[in-house]
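Visitor: I would like to learn how to read this fold feature by feature. Could you walk me through it?

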Amino acid sequence: MTKPLADRIALVTGASRGIGFATALALAEAGAHIVATARTQGGLEELDDEIRKDGGSATLVPLNLTDSDGIARLGAGLHERYGKLDILVGNAGVLGPSSPIGHIELKTFNDVMAVNVSANFQLIRCMEPLLKQSDAGRAVFITSGAANKATAYVSPYAASKAALETLARAWAQETANTKLRVNLFNPGPVRTRMRATLMPGEDPATLDTPEQVAEFIVPMCAPDWTETGKFYDYKTRSLMSFRAPA
């Protein structure tokens, strides 16, 4: 039986652990060839082992996404090897400090924005031509409820996710008349290292796993997904449209 994502090329950032790891594995199980990026070689190798166990295939790209030239080289390499990109999952992100705004150094703030916003901007710039070469290019960016709640004491993270949402929505509008579909996915509280850092006293057994979340990201990457510029909220299992404040 042909798998639903057979012959499709999927780039997943932050794929060495958590939601990125689980999503890369789920996409591979659906038949996609995974191009996995992360800073940690060991985590990527673990992912590769799991993908190969199920008969899948992956290309590992150790890359710090603050290396904008490295992202450009990755785009050039994908163009040379495949001539297209079918799926982009922008998952990589950092939490940053948990402090009042006045206690946060400018460099620390800029470091969060570099990974959560600027890196995704560069990914869009470098991967858009490849996604447009696909018969059904799909892009999904992982966001957070902190963006619209303006959560206190994690202001760099909240601001970065709000910026990411606006960036993705603008891109969705720019590409609305193409075959490319661009959407956002909010996983909510999930059993990840980032969540444990933010909420150290929380019982992780009360949270859904990255593997459960990944099951809902995969359909947004499929050719038959037609929505664009939307926001999928995992907690409520609902696809939402953005609207101006009331």
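This is a predicted model: local features need pLDDT of at least 70, side-chain atom pairs count only at pLDDT 80 or more; totals for chains, interfaces and linings use all residues.

Visitor: How are helix 1 and helix 8 oriented to each other?

Guide: Helix 1 (residues 18-29) packs against helix 8 at an angle of about 55 degrees, and their axes are 8 Å apart. Angles from 65 to 115 degrees would count as roughly perpendicular and those under 35 as roughly parallel. Helix 1 and helix 8 are therefore oblique to each other. The crossing of helix 1 with helix 8 is right-handed.

Visitor: Which residues of helix 1 and helix 8 meet?

Guide: From helix 1 come Gly 18, Ile 19, Ala 22, Thr 23 and Ala 26, and from helix 8 come Pro 210, Glu 211, Val 213, Ala 214 and Ile 217. Sorted by class, this contact holds 7 nonpolar, 2 polar and 1 charged residues.

Visitor: Now the sheet. In what order do the strands lie?

Guide: The general idea is that strands of a sheet pair through backbone hydrogen bonds, either parallel or antiparallel. Here 8 strands make an open sheet, ordered 3-2-1-4-5-6-7-8, with mixed pairing. Its edges are strand 3 (58-62) and strand 8 (238-240), each of which pairs on one side only. From one strand to the next, the twist averages 20 degrees.

Visitor: How many bridges join strand 1 to strand 4?

Guide: Strand 1 (residues 9-13) and strand 4 (residues 87-90) run parallel and are joined by 3 bridges. Ala 10 has Ile 87 as its bridge partner in strand 4, and Val 12 stands opposite Val 89. Strand 4 also runs parallel to strand 5, with 4 bridges between them; there, Ile 87 has Arg 138 as its bridge partner.

Visitor: Are the residues on the two faces of strand 4 buried or exposed?

Guide: In a regular strand the side chains alternate between the two faces of the sheet. In strand 4, Ile 87 and Val 89 lie on one side, Leu 88 and Gly 90 on the other, and all are buried, so both faces are covered.

Visitor: Which strands does helix 4 touch?

Guide: Helix 4 (residues 106-133) packs on the sheet and touches strand 1, strand 4 and strand 5 (138-142); its direction makes about 170 degrees with that of strand 4. Helix 8 (residues 210-217) packs on the sheet too, touching strand 5, strand 6 (181-186) and strand 7 (231-233), and its direction makes about 155 degrees with that of strand 6.

Visitor: What is the angle between helix 4 and helix 6?

Guide: They pack at about 15 degrees, with axes 8 Å apart. Helix 4 and helix 6 are therefore roughly parallel to each other. Helix 4 passes helix 6 in a right-handed crossing. The contact includes Phe 109, Val 112 and Met 113 of helix 4 and Leu 164, Leu 167 and Trp 171 of helix 6. By class, its residues are 13 nonpolar, 3 polar and 1 charged.

Notes
Residues are numbered from 1 along each chain as its sequence is written. Side-chain values use heavy atoms; hydrogens and water are left out. Two strands pair if DSSP finds at least two bridges between them. Axes are lines fitted to C-alpha atoms, for helices over the stretch in contact, and angles run from 0 to 180 degrees between N-to-C directions. Contact means heavy atoms within 4.5 Å. Angles under 35 degrees count as roughly parallel, over 145 as roughly antiparallel, 65 to 115 as roughly perpendicular and the rest as oblique. A crossing is left-handed if the near helix is turned anticlockwise from the far one by less than a right angle, and right-handed if clockwise. Ala, Val, Leu, Ile, Met, Phe, Trp, Tyr, Cys and Pro count as nonpolar, Asp, Glu, Lys and Arg as charged, and the others, Gly among them, as polar. Buried means under 20% relative accessible area, exposed over 50%, partly exposed in between (1.4 Å probe, protein chains only).
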